[in-house]
Structures are given as structure tokens and as C-alpha cells.
Amino acid sequence: MIAECQALLGPDAVLTEPEDLIPYSFDGTAALKCRPRLVVFPRSTEQVAAVLRLARDHGLAVVTRGSGTGLSGGSVPVPQCVVLCLQRMNRILELDERNLTLLAESGVLTQEIFDRADAAGLFYPPDPGSIKISTIGGNVAENSGGLRGLKYGVTRDYVIGLEVVLADGSICWLGNKCVKDVAGYSLRDLFVGSEGTLGVITQVLLKLVPKPAARQTLLATYGQLEAAAETVSAVIAARIIPCTLEFLDRQTVRCVEAYAAVGFPLEAEAVLLIETDGHPAAAAEEAERIEEIARTHGALAVRRARDPAEAARLATGRRSAFSALARIRPTTILEDVTVPRSELAAMIRLIQRVARESGLQIATFGHFGDGNLHPTFLTDERDAAEMARVEGAMRTIFDEAIRLGGTITGEHGVGLAKKAYLRAQLGDASFALLKSIKRSLDPENRLNPGKIFD
Ligand SMILES: Cc1cc2nc3c(=O)[nH]c(=O)nc-3n(C[C@H](O)[C@H](O)[C@H](O)COP(=O)(O)OP(=O)(O)OC[C@H]3O[C@@H](n4cnc5c(N)ncnc54)[C@H](O)[C@@H]3O)c2cc1C
């Protein structure tokens with residue numbers, strides 16, 4: 001396999017030495033590692049197809065990888081596998097200003113897509129916290145969300161076409177530039193969020209929207225977590241959908257300030273970072289109404305960003321939450337539960353109780369407007385007793401999320417980290433359906449085996 005890949009792709013596109021394989025042995029998920037047998041870097045769809053055919057001939061598993069920033073172990077290799085890394089398929093192929101679409105190879109960084117659209121006066125809204133380093137293929141494979149999900153939706157809402165290579169090496173185009181198309185099952189949607197288990201996404205056709213003319217940014221400070229949660233429910237109940245409605249608890253605020261000094265208030269128990277956008281008058285009016293709601297629901301202070309530079313600084317503070325928290329203890333486990341927004345206060349209470357009773361450090365931040373929380377365990381994977389407590393605490397949090405009508409993952413996917421909980425989330429019939437889809441597309445279980453389910 002190694003010799004054939006070298007002949008096919010060129011020697012500089014194949015890694016086999018142990019020291020070269022180490023960086024491809026893990027993703028952004030703590031405590032999950034496995035060294036692959038080789039890593040290959042195709043430059044074209046035809047090369048991807050050829051690698052898949054070689055893997056089939058040699059009976060090897062294939063784990064597709066973008067930038068490896070995933071937070072559920074999706075691109076962690078399985079033993080003796082081929083890692084198919086798409087980072088060198090990194091060209092934006094077309095920006096179609098008449099149809100408002102952008103066609104990119106899967107290895108393009110999400111930030112580059114945003115920037116290219118922005119330069120043309122257009123907008124690609126999905127903005128995962130990892131936007132500067134994750135690939136668009138990884139975003140599609142995880143159906144990633146982001147800070148603007150509340151108003152603009154998630155990656156799926158912008159994917160209108162995909163080029164996919166199937167396990168047997170065949171290449172299909174799913175979707176097109178049409179606004180409407182109901183010819184056959186929506187196969188394109190099957191691959192969004194498929195976590196590398198159904199096929200390799202090689203090209204992505206994205207829908208763009210006009211760039212909003214204005215933005216307003218607010219920072220609301222709270223003395224109690226629950227007041228922040230109630231503000232969110234009240235804003236939504238008032239029929240206002242801000243672009244961003246992010247939450248950071250006390251510990252996260254303090255860590256971010258120590259790390260990036262963006263101007264978050266250190267005395268806060270919680271802060272909400274809120275952004276409105278659209279027509280200047282609409283963005284301003286929404287911001288005013290939100291400020292009023294925040295004050296009537298217990299905000300100690302509400303501050304408006306004075307200029308775009310301050311707004312950008314505050315957004316950067318929120319985006320650096322994970323990196324800031326990762327400095328506290330040796331192991332950072334960032335979790336990802338979502339509940340209906342009406343249940344946010346109940347979920348926050350549960351997380352606080354779990355932290356108290358288990359003696360664990362759990363900092364929480366997240367996309368509050370989406371009901372999406374990231375309880376983040378600051379721990380040490382070398383301490384087996386503490387890790388057992390983390391495991392127990394996670395189970396309690398996931399069980400409660402399901403009980404409240406929520407989900408075990410809002411955006412990071414199932415991968416390896418959540419597969420033990422998936423059946424409880426879906427129920428037997430849906431779980432069996434999922435497995436039967438996998439069997440029909442990848443009967444030899446060659447693509448990312450052992451992810452999502454065994
Ligand atoms: C600091 C930080 C902040 C983050 N913030 C967010 C956030 O706000 N929202 C969010 O949703 N996620 C977030 N993430 C998680 C992560 O960045 C996303 O899941 C991202 O989409 C992964 O992209 P990647 O290129 O790194 O993919 P990888 O991690 O390499 O792969 C992820 C999964 O997709 C599969 N895959 C990758 N490329 C392809 C392809 N071309 N074809 C088929 N399958 C493929 C892999 O097999 C794997 O299962 C964050 C991560 C970090 C480290």
C-alpha cells in the first residue's frame with residue numbers, strides 16, 4: 001500500500017515514519033489517541049478515489065481528516081489505518097456572483113471562505129470557534145455550528161452541493177446551484193454530519209447571502225447565572241432573533257481575561273455577548289430592545305461596543321474560551337449538550353450541582369441562544385480516580401439533557417466520544433436505521449470504522 005501510494009501521489013505526499021505519524025494520531029478531543037499506519041495527502045478527487053480503491057484491495061480502513069480540530073474523536077485513527085488528509089485540496093474553485101454560490105475543495109479553511117465571500121460583499125455565516133483552522137470539509141462532515149447559528153443556522157443550511165467519493169472509489173455529485181430541487185432522496189443531506197463514515201467529501205458548493213449592512217454588539221453582566229438564562233428565554237419570547245447570543249460563566253470569563261484581556265468584567269457570575277445585525281435601523285432597534293430586556297431580567301450592567309474594533313475584541317474573547325480554559329489543568333474535556341432554550345436554567349443548575357457533588361472543576365460557556373452549552377471539564381487524564389468521576393458526571397449531564405428533551409451533541413458530533421450514549425438518544429428504531437444506512441453505503445465498514453457506533 002505504501003509503495004503504491006508513493007507511486008500514485010508522489011513520495012512527499014505519503015508519511016510513514018513514527019515521528020511523522022504522531023501529529024495525525026489525535027484530534028482536539030482529550031485522551032483519545034491511536035497511531036495510523038500511513039498518512040496520505042491527495043491533491044485531486046481522482047487521487048482520493050484511487051487511494052480508496054487501493055485501501056479496498058489491501059483490506060485497510062480509511063480515516064478521513066481535515067485539520068483534526070474535531071472534539072468527538074472523529075478523525076482519531078483506528079489501528080493500521082490509512083489517514084486520508086485533505087489539507088492539500090485547498091483551492092476555492094469558483095465564486096459565482098450571479099447565483100451567490102461558492103465552490104471549494106474540502107481542504108479550504110473556513111476563514112478563507114468567509115474572507116473570499118466578504119471581499120465580494122457577500123456573507124458565509126457559519127463560524128465555528130475554530131474558523132481559522134478547521135476545513136470546510138470537516139465542517140460539513142460534522143455539520144458544525146458557530147456563534148451566528150441562532151439567526152443564520154448551521155453548516156447544513158448553506159450546503160447546496162457536494163462531490164463525494166464512495167467507499168468503492170466511485171465519484172458522485174449531489175445537489176446543484178438550483179434554489180429548488182426535489183429529484184430523488186436528498187442524498188446530499190445524508191453526507192452532512194456523516195463524520196467520515198459514509199464517503200469522502202471532496203468538493204463543497206455553498207450558498208452565500210448578502211452581507212448585513214450593520215452590526216451592534218452588547219455585553220450584559222450578571223450576578224447570577226439563572227438571570228442570564230432567563231434573559232435568553234425572554235429575548236426569544238419577545239420574537240427577537242439576534243445574530244449571536246453567547247454565554248460565559250465566571251470561571252470562563254476570568255480565564256479569558258487572564259489569557260486575552262479583552263475587557264470582560266471580572267466581577268461577573270456570568271456574561272452574555274449579544275450581536276444584532278441587518279439594516280442599520282433594525283440592528284439598532286433590536287439592540288435597544290435587548291438591552292431593556294436584559295436590564296429587566298437582572299443584568300447588573302449592559303455595555304455597547306463603541307466601535308468595530310471593540311466588538312471584534314469581545315468576539316475574539318469568546319472564541320478563545322477553549323484555549324484559555326485549556327491552560328488551567330493538564331486535560332480539558334469540552335462537552336457539548338443542547339437543550340430547548342426554555343430548559344437552559346435547569347441545565348445550568350444541574351451542571352453546577354454535578355460540579356459541587358463530584359468535586360470537579362467544570363467551566364461552562366456556549367451558544368446560549370441555541371440552547372447549546374459547553375460544560376468544560378478541567379481535569380487530569382493521568383488521575384484514574386478523577387477520570388472515573390468525570391465519566392460519571394458526564395453521564396449524569398447527558399441523561400439530564402435527554403430527559404429535558406435535548407441532545408448529547410449539538411455540534412461536535414458523536415465520533416468515539418459519544419457513541420456509548422447514542423442509542424439512548426435516538427431510540428432502538430432510529431439507531432437501527434442509522435446502522436442500515438451505513439451498511440448499504442459502506443458494506444465492508446472501511447470508512448472511519450467504529451465511529452458513531454460499533
Ligand atoms: C478551539 C476550537 C473551537 C471549536 N469551536 C467549534 C464551534 O464553535 N462549533 C462547532 O461545531 N465545532 C467547533 N469545534 C470543533 C471542530 O473545529 C469542528 O468539528 C470542525 O468542523 C472540524 O473540522 P476539521 O477540518 O478540523 O475536521 P477533522 O477534525 O479533521 O474531522 C472531523 C470529522 O470529519 C470527518 N471529515 C473531515 N473532513 C472530511 C471530508 N472531507 N470528507 C468526509 N469526512 C471528513 C473526519 O473523519 C472526522 O470524523 C471547535 C474546535 C476547536 C479546537
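Select α5 (136–142): with five residues, this helix gives the most to the shell around the ligand. Helices are DSSP runs of H or I with at least four residues, strands are E runs of at least two, and both are numbered from the N terminus. The model is predicted: local features need pLDDT of at least 70, side-chain atom pairs count only at pLDDT 80 or more, and totals for chains, interfaces and linings use all residues. Residues are numbered from 1 along each chain as its sequence is written, and side-chain values use heavy atoms, without hydrogens and water.

Then select the whole shell: 34 residues surround the ligand, with T64, T69, S130, T135 and S144 the closest.

Now go through the polar contacts (pairs of N or O atoms within 3.5 Å).

- S144: a polar side-chain atom is 2.7 Å from a ligand oxygen atom.
- I201: a backbone N or O atom lies 2.9 Å from a ligand nitrogen atom.
- E411: an N or O atom in the side chain is 3.1 Å from a nitrogen atom of the ligand.

On its own the ligand has 980 Å² of accessible area (Shrake-Rupley, 1.4 Å probe), and the protein covers 95% of that.

Finally, zoom out to the protein, with its 16 helices and 19 strands. The C-alpha atoms fill a box of roughly 65 × 60 × 45 Å along the principal axes. Of the 454 residues, 56% are buried, meaning under 20% relative accessible area with a 1.4 Å probe, protein chains only.

Definitions and conventions: A residue is near a molecule or strand if one of its heavy atoms lies within 4 Å of it. A polar contact is a pair of N or O atoms within 3.5 Å; within protein, one must be able to donate a hydrogen and the other to accept it, and residues adjacent in sequence count only if both atoms are side-chain atoms. Buried means under 20% relative accessible area, exposed over 50%, partly exposed in between (1.4 Å probe, protein chains only).
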